[in-house]
Amino acid sequence: MSQANRSSSSININSGNNKTQSIPSPNCATKEGEGIPRRHPLAANGLISNMPEPVNSLREAFVASAKKFSSDSFMGYRPIKSDGSAGDYVWITYSQALERVTNCAHALKLQGVSEKAAVALYSINRPEWIIAEQACFARNAITVPLYDTLGDEAVEFICNQTEVKIAFATADKALNLIRLKPSLPHLTSIVVMDKLTDELQGKSAENNIKLFEMKCFEEEGSKNPSALCEPSLEDIVTICYTSGTTGLPKGVILTHSNLIADISGGIALFRNYYCADLNNTDIHISYLPLAHVFER
């Protein structure tokens, strides 16, 4: 902030054709030579912490949307053809997604995943990543995303620090985890998001790792229903690690409350700047890695 602006009472923040003036934060002590901290006027009476229709967890938010928009499209992807080109978008509805999430959560229970247990997610962006994440929420488990580009040292460090016992991974990443098994004493099971291969099955048997194809994993869960969990605002939802570019990765512990506040602030800003709501007709194109908290 320039010296000229330090004494002014407001600063214009441009957003498209809108201009919003920031305001001084209330009850802040003044310091010689320093300006008063400022905040967005939407947070004049405190930071926005919950949605217009309050929810107590990301699990509750998803279930509410699935019930409200059950037959609407929830998530789409482009399957890759045999020639390597991308096909047309294939969509699943909210109700289909909720059914898959529920079955996956039942299967996690069968494998002994308890509340507050850490579950790794290791793949590029794909629908199964979201299904697995939401299934973890339904078990009140803690997701631990692994970057697609992580080196061996970082993967070992993260999995061991969080004591990951089960991971969801694509076949290529599953092979990497199995290769690292001697350094991953807690890992016992891997759910493969795409197809099992003979190589995967052989190496998993050699390393005493239980292997599941996700489709079969969900089917087994559908046959063994169990009570689901309802996380609270203060329950940990994820440990989001840095990419480790400055040494070993650092894990940031985030609660349901943290991420709900993030969503709520986004909704408020969208309404303020564009006088509109995000709704079930809007489409988000997912291109940043889901291991990034910004993409999530």
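1. Helices (H or I, at least four residues) and strands (E, at least two) are DSSP runs, numbered from the N terminus. By that count the protein has 9 helices and 13 strands. Helix 3 covers residues 94-110, and Asn103 lies in it.

2. On provenance: this is a predicted model, in which local features need pLDDT of at least 70, side-chain atom pairs count only at pLDDT 80 or more, and totals for chains, interfaces and linings use all residues. Residues are numbered from 1 along each chain as its sequence is written, and side-chain values use heavy atoms, with hydrogens and water left out.

3. Overall dimensions and burial. The C-alpha atoms fill a box of roughly 70 × 45 × 45 Å along the principal axes. The protein has 296 residues, and 40% of them count as buried. Buried means under 20% relative accessible area, exposed means over 50%, and partly exposed is in between (1.4 Å probe, protein chains only). Take the contacts between residues at least 6 apart in sequence: 60% of these join residues at least 24 apart. Contact here means heavy atoms within 4.5 Å.

4. Setting aside residues up to four places away in sequence, Asn103 touches Glu218, Gly221 and Ser222. Pro225 is 122 residues from Asn103 along the chain, yet their C-alpha atoms are separated by 7.5 Å.

5. His106 also belongs to helix 3. With a relative accessible area of 7%, His106 is buried. Its contacts, leaving aside neighbours within four places in sequence, are with Arg139, Gly221, Asn224, Pro225, Ser226 and Leu228.

6. Helix 2. The buried residues of this helix are Leu58, Arg59, Ala61, Phe62, Val63 and Ala66. What covers them includes strand 5, helix 3, helix 4 (127-138), strand 12 (236-241) and helix 9 (256-274).

7. Aromatic pairs. The whole structure holds 6 of them. Rings of Phe, Tyr and Trp (its six-membered ring) pair if their centres lie within 6.5 Å; planes under 30 degrees apart count as stacked, over 60 as edge-to-face and the rest as tilted. Phe62 and Phe74 make a tilted pair, 5.5 Å centre to centre with 55° between the planes. This pair links distant parts of the chain: Phe62 sits in helix 2 (residues 58-68) and Phe74 in strand 5 (residues 73-77), 12 residues apart. Phe62 is buried at 6% relative accessible area, whereas Phe74 counts as partly exposed at 24%. Phe62, Phe69, Phe74 and Tyr94 form one aromatic cluster.

8. How do helix 6 and helix 7 pack? Helix 6 (residues 171-179) and helix 7 (residues 198-206) meet at an angle of about 25°, and their axes are 10 Å apart. That makes helix 6 roughly parallel to helix 7. Angles under 35 degrees count as roughly parallel, over 145 as roughly antiparallel, 65 to 115 as roughly perpendicular and the rest as oblique. Axes are lines fitted to C-alpha atoms, for helices over the stretch in contact, and angles run from 0 to 180 degrees between N-to-C directions.

9. The residues at that contact. Ala171, Ala174, Leu175 and Ile178 of helix 6 meet Glu199, Leu200, Lys203 and Ser204 of helix 7. By class, the contact has 5 nonpolar, 1 polar and 2 charged residues. Ala, Val, Leu, Ile, Met, Phe, Trp, Tyr, Cys and Pro count as nonpolar, Asp, Glu, Lys and Arg as charged, and the others, Gly among them, as polar.
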